Amino acid sequence: MERIYLNDWLYNAGIVGFLRINNHLWELKDEKLISKDENLLKIGDNYIEIDREIFDGFTDRFFNYTFSLYGKYYTVLEQLQNLINNLNDNTFKKINQDFNKILRDYPILKRKIEEKIGNFETKNSQELSSVIENTLRIMEEDRTDFVEDFIENEVRTFLNTHYGQKSFLNK
């Protein structure tokens with residue numbers, strides 16, 4: 001077991017992040033953190049003790065945690081749900097434009113819709129509602145693929161914006 005003591009605020013922030021990523025190993029009871037498995041994680045008053053086995057699968061937990069906080073996948077799900085909620089005959093044109101903008105921003109989503117439902121041109125609010133509902137269903141069914149593709153898309157966008165290149169991420 002490795003013992004890590006509280007220190008300055010930046011060091012402590014790292015400990016808090018580490019604990020959040022490994023939130024499956026502790027719970028909060030009476031405003032106190034309690035370890036669920038003291039063989040992997042022991043929580044003291046001013047320290048934590050960890051076994052090196054805690055790092056098994058850490059990378060996946062890190063990216064899943066980060067993506068759940070900052071990921072576009074959930075944002076797009078929410079946007080699509082809002083489009084359906086606000087869709088009526090009067091808003092059809094605007095919502096159709098917004099839906100098509102989402103598809104331009106996420107080509108993987110457009111490609112999946114074309115594969116699953118074919119042509120998705122709509123003429124009225126009922127047809128558009130059906131297409132958006134199918135899109136939500138497709139995103140839920142293929143969640144793992146979408147999450148990975150959305151992460152890759154976000155990393156590419158970030159690197160392109162900040163460093164001007166992304167070629168090493170091409171498949």
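These legends go with a few close-up views of a predicted model.

**View 1. Phe18 and Phe58 stack ring against ring.** To describe two aromatic rings, you give the distance of their centres and the angle of their planes. Here the model has five aromatic pairs. In the pair formed by Phe18 and Phe58, the centres are 5.7 Å apart and the planes sit at 25°, which is under 30 degrees, so this pair counts as stacked. Phe18 belongs to helix 1 (residues 9-21) and Phe58 to helix 2, so their pairing ties together parts that are 40 residues apart in sequence. With a relative accessible area of 14%, Phe18 is buried.

View 2. Phe55 is partly exposed, at 40% relative accessibility.

**View 3. Arg3 puts its charge over a ring.** Look for Tyr47: the charged end of Arg3 sits over its ring, 3.9 Å from the centre.

**View 4. Thr122 is a buried loop residue.** You'll spot Thr122 in the loop between helix 5 (107-117) and helix 6 (125-141). Its relative accessibility is 14%, so Thr122 counts as buried. Setting aside neighbours within four places in sequence, Thr122 is in contact with Phe92, Asn96, Glu127, Leu128 and Val131.

**View 5. Arg52 is an exposed loop residue.** Arg52 lies in the loop between strand 5 (47-50) and helix 2 (58-70). Its 60% relative accessibility makes Arg52 exposed. From Arg52 to Leu41 it's 11 residues in sequence and 9.7 Å in space, C-alpha to C-alpha.

Key:
Residues numbered from 1 in each chain as written. Predicted model: local features only at pLDDT ≥ 70, side-chain atom pairs only at ≥ 80, totals over all residues. Heavy atoms only, no water. Helix = DSSP H or I, 4+ residues; strand = E, 2+ residues; numbered from the N terminus. Buried < 20%, exposed > 50% of the residue type's maximum accessible area, 1.4 Å probe, protein only. Contact = heavy atoms within 4.5 Å. Phe/Tyr/Trp six-rings, centres within 6.5 Å; stacked < 30°, edge-to-face > 60°. Lys NZ or Arg CZ within 6 Å of the ring centre and 35° of its normal.
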